[in-house]
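The entries follow the order in which I looked things up.

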Amino acid sequence: MPLDDLTFFLEKHEAEVVEEFRKQIVVAEHDQYRGMIHLNGQAMYRLVVGYVGDRISQEDIKHLAYKVAHERNQAEINIGDFVYNVCLGRQLVFDLLQKGPFSPSTLVPALIKINECFDIFLVHAVSQYTSMKDSDLEEKKIFIERSHKDRLTILGQMAASFVHEFRNPLTSIIGFSKLLKEDYPSLPYVDIIENELYQLNYRVSQFLLVSKKGAVYKTKELLHMQILFEEILAFLYPNIVDVNANMKCSIDPELTLDGYKDEIKQVFINIISNALDALQKKVGDKEIVIEAFQREGAAIVTIANNGLPIPVDLQAVIFEPFFTTKELGTGIGLYVCKEIIEKHGGTIACESTEDRTVFSMEFLQS
């Protein structure tokens with residue numbers, strides 16, 4: 001029986017195949033194009049008939065594929081449901097033809113053409129759908145990045161204004177606390193007040209650095225790492241005692257670093273403070289190990305603790321701005337650390353296991 005009879009047979013049974021397709025397709029409840037799916041199936045059926053009869057081109061198939069891909073993307077459905085429905089349509093056509101009065105010499109070439117038609121449709125539809133999804137993801141990524149930048153800009157403006165309004169009286173209070181301590185050395189609680197004021201000044205400095213105004217009018221100096229850590233540990237001493245942490249230091253007495261002292265100091269204070277926070281709820285021995293040494297033209301500093309670990313799924317985002325797991329955290333501490341270290345030509349990394357969390361910093365030396 002000639003090919004024309006086969007295409008006539010397909011055209012004659014179009015309504016029953018489309019109806020069976022409508023009954024069996026997978027349709028999501030939230031799909032706004034759900035009423036179009038069986039109609040697209042009908043359009044595809046007609047393309048199959050035309051392709052078998054050499055009356056349509058691959059471009060016609062591509063046109064329908066792009067239309068359906070757009071609808072599937074807009075509907076936000078599982079692409080697996082779409083592929084299932086296409087395969088269902090293909091099977092219904094095969095089942096129909098196998099019931100027809102066709103010889104193998106007529107049926108086999110027709111089945112090959114039908115398979116080719118469905119394959120072309122699927123390739124174009126899935127490729128276009130994937131491209132649209134990738135484009136949507138890229139747009140969302142750009143939006144998120146812009147939102148981050150906008151928030152940083154606003155925070156920078158707020159920080160600059162806040163510092164001008166807040167830092168002058170804070171500096172005066174710190175100065176008067178020193179005078180009070182000199183005049184009345186036995187006066188109780190002055191040391192505590194002075195330490196809390198320094199802690200507050202440190203927090204203000206974090207916001208100042210985020211505003212990108214922290215390095216204006218400053219000059220770098222040669223920092224002796226052993227002396228710097230002595231100052232830092234003296235500053236954090238009340239917190240160390242409160243946590244009851246055992247501090248272990250191994251610092252090369254010859255190690256130096258060229259940088260902005262207040263910024264580098266802030267980095268180490270922040271990381272050690274985070275280590276103390278991680279030790280708060282630990283039962284048993286609490287330990288912080290600080291190591292600083294020179295290796296292959298670089299200054300290496302590691303700060304490790306045996307406190308609660310950082311979850312694996314969070315380790316990749318801890319340096320992102322505004323990310324925090326602390327109830328009252330600002331989420332800018334580690335972000336500021338990373339910014340400062342990179343400004344000094346260095347890198348920072350974190351590894352955390354059940355036994356130990358290590359922050360490693362490397363500063364290239366000229």
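I take helices (H or I, at least four residues) and strands (E, at least two) as DSSP runs, numbered from the N terminus. Axes are lines fitted to C-alpha atoms, for helices over the stretch in contact, and angles run from 0 to 180 degrees between N-to-C directions.

I note that the model is predicted: local features need pLDDT of at least 70, side-chain atom pairs count only at pLDDT 80 or more, and totals for chains, interfaces and linings use all residues. Residues are numbered from 1 along each chain as its sequence is written, and side-chain values use heavy atoms, with hydrogens and water left out.

**Entry 1: helix 1 and its partners**

I began with helix 1 (residues 3-12) and helix 3 (residues 37-52), which pack at an angle of about 175° with their axes 9 Å apart. The two are therefore roughly antiparallel; angles under 35 degrees count as roughly parallel, over 145 as roughly antiparallel, 65 to 115 as roughly perpendicular and the rest as oblique. I then listed the contacts (heavy atoms within 4.5 Å). Leu3, Leu6, Thr7, Leu10 and Glu11 of helix 1 meet Tyr45, Val49 and Val52 of helix 3. By class, this contact has 6 nonpolar, 1 polar and 1 charged residues. Here Ala, Val, Leu, Ile, Met, Phe, Trp, Tyr, Cys and Pro count as nonpolar, Asp, Glu, Lys and Arg as charged, and the others, Gly among them, as polar.

Next I looked up helix 5 (residues 79-98), whose axis comes within 11 Å of that of helix 1 and crosses it at roughly 120°. Helix 1 and helix 5 are therefore oblique to each other. Leu6, Phe9 and Leu10 in helix 1 meet Val93, Leu96 and Leu97 in helix 5.

I traced an open sheet of 5 strands in the order 2-4-5-7-6, with mixed pairing. Two strands pair if DSSP finds at least two bridges between them. Strand 2 (246-251) and strand 6 (346-352) are at the edges with a single partner strand each, so one side of each has no neighbour in the sheet. Strand 2 and strand 4 (residues 287-295) pair in the parallel sense over 6 bridges, and Ile251 stands opposite Ala292 in strand 4.

**Entry 2: helices across the sheet**

I found helix 8 (residues 225-235) lying across strand 2, strand 4 and strand 5, at about 165° to strand 2. Helix 10 lies across strand 4, strand 5, strand 6 and strand 7 (357-364), and runs at about 20° to strand 5. I also followed helix 10 (residues 261-279) to helix 11 (residues 333-343): they pack at about 145°, with axes 9 Å apart. Their contact includes Val267 and Ile271 from helix 10 and Val336 and Ile340 from helix 11. By class, it has 8 nonpolar, 4 polar and 2 charged residues.

**Entry 3: Asn306**

Which backbone atoms does the side chain of Asn306 reach? It reaches the backbone oxygen of Asp285 at 3.1 Å and the backbone nitrogen of Glu287 at 2.9 Å. Not counting residues up to four places away in sequence, Asn306 touches Leu279, Lys282, Asp285, Lys286, Glu287, Asp355 and Arg356.

Terms used
Polar contact = N/O pair within 3.5 Å; in protein donor to acceptor, adjacent residues only side chain to side chain.
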